[in-house]
Amino acid sequence: MLRSGLTSRRYTVEDALEAIELYFEKGWTDGLPVVPPTEERIRAMLEAVGLEPDHEITFITNRQTAVTAEKVAINAVMAGCKPESMPVVVAAIEAIGDPRWCYHGPGTSTGGAAVLMIVNGPIAPRLQMNSGDNLFGPGWRANATIGRAERLDMRNVIGTLPGRLDRSTLGHAGKFTYVIAENEGDSPWPPLHVERGFSPEQSAVTVMAAEAPHQFYNQLSNTAEGVLTTLCDDMRISGNARGQSQYVVVLAGEHMRIIAADGWSKADIRKFVFEHTHNSVAHLKRTHRVVGPIKPEDETTVRALVPSPEDILVVAAGGRAGAFSAYIPGWGGKRTSEAVTKLIRA
């Protein structure tokens, strides 16, 4: 039972349709209709996480904005979340307020990063989150609404509005929602959150400022080295001149089984990908991503895509059939934003 009342402004409407139209008029939606946040629905969200309305979940320093549980609950209702999804939303909000994620950069940059969330632990199957077929596509309520709730918070609470504080040149569809779970049931490897310091029994969400997923295809190789060589060539060619902060490599069913059959661990994958994605300075100059004439030493001087192998996050997820996997470049450099993993208290 909550001890304090709700303080947000209230509006009187005739019915749900009028409420939906009111939210469009106020500019409080992402372009799609929202669920009207009645007091009963907001309270159910708060009770699901045991937080009082005025509890400060995070503080966005660059905006001088406190994000309270009441505001997060309102936007979770609007996004269509069930109350049992609220712990994931709260943990994700904590993550984007973490100084390591550095809200100002990815929230405002012309680079157009979205908020990628990777959910691990027992809560993922409990919420029936998708970790398989059509991984980044629609069809799963928890995946769709948790990411949408976070984005509505960024818009309605923190003020990250397109064309104003959000200056993305292109953006991408992940700005509606960008949530996946790791396929821990089929994976031969430790889950991501365990690699990042949590126990298998705990649930956690890893949040990274990210570009859209880049799909690659390899149906010819039946070895780990063959599959990953194709991946590395794709990553290397598309990499920025000065690299990225981090990458997520998403290995779907067929590739996961091929790589695991060769006895490769996630650490082996990270090491191979790191060592085979370097670009020579000469190549970067030939493709007009670095200025200046090509010098003889440029042919052997190389730049890595990420600072270290540990900056490649390996996730087992995607459909069981099909010779496809993906990689996701992070936004900016390591000093400007990095992936953050937070405990989900559920």
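With which side chain does the side chain of Glu299 make a polar contact? The partner is the side chain of Arg286, at 2.4 Å, where a polar contact is a pair of N or O atoms within 3.5 Å; within protein, one must be able to donate a hydrogen and the other to accept it, and residues adjacent in sequence count only if both atoms are side-chain atoms.

This is a predicted model, in which local features need pLDDT of at least 70 and side-chain atom pairs count only at pLDDT 80 or more, while totals for chains, interfaces and linings use all residues. Residues are numbered from 1 along each chain as its sequence is written, and side-chain values use heavy atoms, with hydrogens and water left out.

Glu299 lies in the loop between helix H12 (281-286) and strand E9 (302-303); helices (H or I, at least four residues) and strands (E, at least two) are DSSP runs, numbered from the N terminus. Glu299 is partly exposed, at 40% relative accessible area, on a scale where buried means under 20%, exposed over 50%, and partly exposed in between (1.4 Å probe, protein chains only). Its C-alpha atom is separated by 5.1 Å from that of Ala282, 17 residues away along the chain.

Thr277, in the loop between helix H11 (266-275) and strand E8 (279-280), counts as buried because its relative accessibility is 2%. Beyond its neighbours within four places in sequence, Thr277 is in contact (heavy atoms within 4.5 Å) with Cys232, Met235, Arg236, Arg303 and Leu305.

| Side chain | Backbone oxygen | Distance |
|---|---|---|
| Thr277 | Val273 | 2.7 Å |
| Thr277 | Phe274 | 3.4 Å |

Helix H7 (residues 141-156) has 16 residues and reaches 21 Å from its first C-alpha to its last, close to the expected 22 Å, the expected span being 1.5 Å times one less than the number of residues. Twelve of the 16 residues of H7 are buried, including Ile146, Arg148, Glu150 and Asp153, and the buried residues pack against helices H3 (69-79) and H4 (86-96) and strands E3 (114-120) and E4 (179-181).

A nonpolar core is a set of buried Ala, Val, Leu, Ile, Met, Phe, Trp, Tyr and Cys residues joined through side-chain atoms within 4.5 Å. In the largest one, of 55 residues, Ile96, Val119, Met129, Ile146 and Val207 touch the most other members, and H4 supplies the largest share of this core, nine residues. Apart from it lies another core, of 24 residues, among them Val227, Leu251, Ile259 and Ile312.
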